[in-house]
Amino acid sequence: MAKCGRFVRTSFPRQPAPYNIRMQKIDRFLKLMTDRGASDFHMTVGRPPMLRASGSIETIRYRMLTEADFNDMIEPIATPRLWEEFRKTGDVDFSYEIPGMSRFRVNLFRQQRGAGAVFRVIPTKILTIEQLGLPDQVRRIAAMKSGLVLVTGPTGSGKSTTLASIIDLINETRALHIITIEDPIEFVHPNKKCLIHQREIGNHAKSFAEALKAAGREDPDLILVGEMRDLETISMALTAAEKGTLVFGTLHTNNAAKTMDRIISVFPAGEQEGIRNVLGETIRGVVAQQLLPKIGGGRVAALEILFASPAIGNMIREGKTPQITSAIQTGVKEGMIDMDGSIRRLYEEKKISGRAAYDKAIDKELFKDVANA
């Protein structure tokens, strides 16, 4: 496995002349990124460029970047509006595409030493549930007709990729009107059986909440909320689900029980009992995922899957969310999987080390025996 600080030799291949004409300076680094199978490319003033490959940071053999280098490479790929917003606020998100190669989610920011940028690769091809190696029961989500489905996990755990595969399956098998609200748009979905409208925060709407409000008037069957960040967005997503729309959303939680707690805790104490009732009625499923370093290189996903039941709905309504994990463990016949069980299976199949299992476990007591294995 690559270690932090390792240098990557750069040998940028000569491009055909037509590509060179429109090639931006940043593109050769992004090509190196995709060639190496890296997930992220980092630019920071005062440091050489860096890649994240197999979960670890690697330094590219290149000079220290100056503010002029940063501006020279980044300004040409941002629209004038976005560049001005970055200059004013010090933080902006957008997407960038190199035709024939890939799309990238870009975050620009300012920090103590100067400007920084992170490029996250978005595969051009939407992989199927089978190609991603996800459990077959994830396909059940694509058949749901209403309610709230949440895909959760830390940043970089593949939430968007999983959601894209589910949306693609729906697109191939059902005739629905799908509205996605993203910041920025990541996977671009062609219209197959579904009519799909993809809206980007900044370009097509001012905020998730505003776009959600508008979506309610646009005859949706399914609304995908790229990130449920705040009280207003979460409240409107719950309202849409309560009215019978199928709503997909993401949160940065690593199991189903914590997901319920996270949603409820966003609301003021006086509203939480009512929100527990709404959540207990509308929740249909949770897919929580974490990526773990794989023995031999690469990463592998551990998943927790919850499918709603009357018993789980009652636990949410009665504030007994800690019991949800036990309900998942006893719900194997219904296709449910608990996170620690998924991690333990990966360890027993010799796909991950004991240390990796312990680090990502929810109940670390269950993994003390393998922490140093």
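Here are a few notes on this predicted model, for someone looking at it for the first time.

1. Start with the nonpolar cores. The largest one has 66 residues, and those touching the most other members are Leu148, Ile170, Leu238, Phe248, Ile263, Leu279 and Ile324. Apart from it lies another core, this one of 31 residues, with Ile60, Ile74, Ile77 and Val106 among them. As background, nonpolar side chains tend to be buried together in soluble globular proteins.

2. Leu279 is a handy place to look around. Leaving out residues up to four places away in sequence, Leu279 touches Leu148, Leu238, Met260, Ile263, Ile264 and Ile316.

3. Next, have a look at how two helices pack. H7 covers residues 231-242 and H9 covers residues 272-282; their axes are 10 Å apart, at an angle of about 50 degrees. That angle makes H7 and H9 oblique to each other, and their crossing is left-handed. On the H7 side the contact is made by Leu238, Ala241 and Glu242, and on the H9 side by Ile275, Val278, Leu279 and Thr282. Sorted by class, that gives 5 nonpolar, 1 polar and 1 charged residues.

4. You'll find Leu108 in strand E6, residues 102-111. Is Leu108 buried or exposed? Leu108 is buried, because its relative accessible area is 0%, and the cut-off for buried is under 20%. Beyond its neighbours within four places in sequence, Leu108 is in contact with Phe70, Ile74, Trp83, Phe86, Gly90, Asp91, Val92, Phe94, Gly116 and Ala117.

5. The bond runs from Asp183 to Pro184, and its omega is near -5 degrees. Pro184 sits in the loop between strand E9 (177-182) and strand E10 (195-200).

6. Lastly, two loop residues with positive phi. Ser54 isn't a glycine, yet its phi is near 55 degrees; Ser54 is in the loop between strand E3 (50-53) and strand E4 (56-60). With a relative accessible area of 30%, Ser54 counts as partly exposed. Asp219 isn't a glycine either, and its phi is about 55 degrees. The loop holding Asp219 runs between helix H6 (208-215) and strand E11 (222-225). Asp219 counts as exposed because its relative accessibility is 64%, and exposed means over 50%.

Methods
Residues numbered from 1 in each chain as written. Predicted model: local features only at pLDDT ≥ 70, side-chain atom pairs only at ≥ 80, totals over all residues. Heavy atoms only, no water. Core = buried A, V, L, I, M, F, W, Y, C linked by side-chain atoms within 4.5 Å. Buried < 20%, exposed > 50% of the residue type's maximum accessible area, 1.4 Å probe, protein only. Contact = heavy atoms within 4.5 Å. Helix = DSSP H or I, 4+ residues; strand = E, 2+ residues; numbered from the N terminus. Axes fitted to C-alpha atoms, helices over the stretch in contact; angles between N-to-C directions. Parallel < 35°, antiparallel > 145°, perpendicular 65-115°, else oblique. Left-handed = near helix turned anticlockwise from the far one by under 90°. Nonpolar A, V, L, I, M, F, W, Y, C, P; charged D, E, K, R; others polar.
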